[in-house]
Amino acid sequence: MPAVDFSGNDFGMNIKRAELEASGFLKDDGFLVRCELGFVNSAGDGGRGIQIKEGVKVPPPNLHRHLADLLWKNQSSGDVFIEVKGKTFTAHRWMLAARSPVMAAELSSSDADTNTDATKNTMMTLRVDDDMDAETFRALLHFIYTDALPPPPPQPRARDTRAQEDEAAAAEAARRLHAAAARYGMERLQLMCEDALCRSLSVLTVASTLVFAEKHGCRVLKAACLDFLSCKRKLRQVTRLDDDFRLLTTTCPSVIKELFAQVLK
């Protein structure tokens, strides 16, 4: 909006010096003036000049919460079973088909088993036979219904001896979820996992994450890992982790060449 010049308007504030000094408002040769501005919504009120001081407070969207409750708290409404490594999840065909083209194809395939038990209302059963574990698929379902990553576990205290193990486990979970997203054609989830891995790089996780990035063609993640390792101090720390550095050198020798070329720039 354009600037408004108030210099030509006294707003009715005419007061004589003697009145001001006797008013009690003058303190230490100074006084405060409180100004309240009212904005007129002349475009949408039909020219009536209604002053809107405070609008309606609309709460943030909560569709994701209702869908999460539908998935985890109201499983009787589901119409498909998904079996993953001995664990069975209940979901809704319409949601799975809408979110994943691969699941849509699997649901429409004649290979899907149909359970005609009267108590289960003709439930369909899908079986995940690849290397995906149940916890990864649970996280995948959470994203399908809420469009968000699962909430991270509580962060351990700095003195907790399991902190490093938890850090490595979180990175491994993100890598597995990335692979699951690729398996079901969910590009947004892949990018979210890649971003999470970029933000959580550490000396303990960078080697295995770099191997993963090279294997799965994650260019941004690979660049982040190389940039992390371009710090000579961090690189020395990684080389002291024999297993991790051996994994990197034996699995991705070409990446090692890129790394040292970047360090020696």
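**A walk from loop to core**

Okay, let's start at D147, which sits in the loop between α5 and α6. When I say helix or strand, I mean DSSP runs, numbered from the N terminus: H or I for helices, with at least four residues, and E for strands, with at least two.

Before going on, a word about the model: it's predicted, so local features need pLDDT of at least 70 and side-chain atom pairs count only at pLDDT 80 or more, while totals for chains, interfaces and linings use all residues. Residues are numbered from 1 along each chain as its sequence is written, and side-chain values use heavy atoms, leaving out hydrogens and water.

Back to D147. The phi here is positive, about 60°, even though D147 is not a glycine. D147 counts as partly exposed, because its relative accessibility is 30%. The cut-offs are these: buried is under 20% relative accessible area, exposed is over 50%, and partly exposed is in between, with a 1.4 Å probe and protein chains only.

There's another residue of this kind, D28, in the loop between α1 (17-23) and α2 (63-72). D28 isn't a glycine either, and its phi is positive, near 55°. Is D28 buried or exposed? With 81% relative accessibility, D28 counts as exposed.

Now to the strands. Take β1, residues 80-84: four of its five residues are buried, so the strand is largely enclosed by the rest of the structure. Which strands does β1 pair with? One is β2, residues 87-91, in the antiparallel sense over five bridges. The other is β4, residues 123-128, which runs parallel to β1 and is joined to it by five bridges. For pairing, DSSP has to find at least two bridges between the strands.

V80 has A91 in β2 as its bridge partner, and V84 stands opposite V128 in β4. β1 and β2 make a hairpin with two residues between them, and in that turn K85 has a positive phi of about 50°.

Next, the packing. The largest nonpolar core has 31 residues, and the ones touching the most other members are I82, L96, F137, L140, L141 and I144. Helix α5, residues 134-146, gives the most to this core: eight residues. Domain 1 (71-110 + 123-146) and domain 2 (163-264) both give residues to it, so the core lies between them. A nonpolar core here is a set of buried Ala, Val, Leu, Ile, Met, Phe, Trp, Tyr and Cys residues joined through side-chain atoms within 4.5 Å. The domain bounds come from an automatic or database domain assignment.

So where is the empty space? Rolling a probe the size of a water molecule over the atoms shows where such space is left. On a 1 Å grid over the protein atoms alone, a cavity is a set of points where a 1.4 Å probe fits but cannot get out; a pocket is an open set with protein on both sides within 12 Å along at least five of seven lines; and lining residues have an atom within 4 Å of a point. Points are joined across faces, edges and corners, and a volume is the space filled by probe spheres set on them.

How many cavities of 30 Å³ or more does a search of the whole structure find? One. The largest cavity has a volume of about 40 Å³, and its lining is I82, M103, E106, L126, V128, F137 and Y184. By class, that's six nonpolar, no polar and one charged. For the classes, Ala, Val, Leu, Ile, Met, Phe, Trp, Tyr, Cys and Pro are nonpolar, Asp, Glu, Lys and Arg are charged, and the others, Gly among them, are polar. Helix α4 (101-108) and strand β4 each supply at least two of the lining residues.

Then there's the second largest pocket, with about 360 Å³ of space. Its lining has 17 residues, and R175, R176, A179, F212 and H216 lie nearest the centre. Helix α6 gives the largest share, six residues.

E172, in α6, is partly exposed at 31% relative accessible area. Its C-alpha is 8.4 Å from that of T209, 37 residues apart along the chain. L221, in α9 (residues 219-229), is buried, at 0%. The C-alpha atoms of L221 and L197 are separated by 7.3 Å, with the two residues 24 apart along the chain.
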